[in-house]
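Okay, thanks everyone, I'll keep this short. Let me put the model up and then walk through a few spots.

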Amino acid sequence: MSYRLPFFLILFIHLFGLIMIFSSSYIYAREYFGSGHFFFLRQIIFSCLSSFVFYFFSKISFTFIKRFFFISHIGVTSLLFLTFLFPHAQKGSFRWLHFQGYSLQPGEFLKLTSILGLYWLLEKKRHIIFWFIYIIPFLLLLKQPDFGTFVLCLITIFVYLFLYKFSLK
């Protein structure tokens with residue numbers, strides 16, 4: 001299988017994003033940060049970092065990633081709990097963690113762990129207690145409230161169950 005097409009599609013998405021960031025934020029960045037390239041340079045840094053992370057995870061076998069699902073799920077759940085311990089309200093919700101000038105939204109990581117977790121649960125038909133542990137972060141999303149991420153995760157789960165041909169029996 002040729003990897004040229006996915007590589008060029010990802011490269012195109014990165015470049016398109018950089019152009020959009022630069023064209024939409026130049027004036028704001030110049031006015032508030034003193035440099036019109038503030039957001040553009042920041043996006044380049046995170047784009048390079050995300051490319052490295054993507055490449056790193058593409059080289060790891062899926063069975064290795066599966067083994068660490070439970071740890072990552074506990075980690076994401078802990079981060080969601082931290083949003084309540086160190087609240088930083090933005091427009092009435094507590095979905096962000098702030099540290100040293102950087103912001104992190106744990107609900108974004110839940111999107112990935114929810115897919116891995118569903119695979120892990122359905123693969124061996126796990127006990128009901130594991131389903132309860134799987135549901136806790138979604139309840140925390142509703143408490144924040146981060147309804148957009150909740151709905152996106154829910155749709156992903158239903159599509160996954162549909163493709164898996166899940167039966168309620």
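So, first thing to ask: does lysine 111 count as buried, exposed or partly exposed? This is a predicted model, by the way. Lysine 111 comes out at 24% relative accessibility, so we call it partly exposed. And it has a partner: lysine 111 forms a salt bridge with glutamate 108, with the closest N and O atoms 2.8 Å apart. Glutamate 108 sits at 36% relative accessibility, so that one is partly exposed too. Both residues are in helix 5, 3 residues apart, which is about one turn of the helix. The salt bridge count for this model is 1.

Okay, staying with helix 5, let's look at how it packs. Helix 5 covers residues 106-123, and it packs with helix 4, residues 69-85, at an angle of about 150°, the axes being 9 Å apart. That angle makes the two helices roughly antiparallel. The handedness of the crossing is left-handed. If you want to click on the contact, helix 4 brings residues including Phe69, Phe70, Val76 and Leu80, and helix 5 brings, among them, Phe109, Leu110, Leu116 and Trp120. Sorted by type, the contact residues are 10 nonpolar, 6 polar and no charged.

Last stop, phenylalanine 86. You'll find phenylalanine 86 in the loop between helix 4 and strand 1. Its relative accessibility is 58%, and the cut-off for exposed is over 50%, so phenylalanine 86 counts as exposed.

Note on methods
Residues are numbered from 1 along each chain as its sequence is written. This is a predicted model: local features need pLDDT of at least 70, side-chain atom pairs count only at pLDDT 80 or more; totals for chains, interfaces and linings use all residues. Side-chain values use heavy atoms; hydrogens and water are left out. Axes are lines fitted to C-alpha atoms, for helices over the stretch in contact, and angles run from 0 to 180 degrees between N-to-C directions. Helices (H or I, at least four residues) and strands (E, at least two) are DSSP runs, numbered from the N terminus. Angles under 35 degrees count as roughly parallel, over 145 as roughly antiparallel, 65 to 115 as roughly perpendicular and the rest as oblique. A crossing is left-handed if the near helix is turned anticlockwise from the far one by less than a right angle, and right-handed if clockwise. Contact means heavy atoms within 4.5 Å. Ala, Val, Leu, Ile, Met, Phe, Trp, Tyr, Cys and Pro count as nonpolar, Asp, Glu, Lys and Arg as charged, and the others, Gly among them, as polar. Buried means under 20% relative accessible area, exposed over 50%, partly exposed in between (1.4 Å probe, protein chains only). A salt bridge is a side-chain nitrogen of Lys or Arg within 4 Å of a carboxyl oxygen of Asp or Glu.
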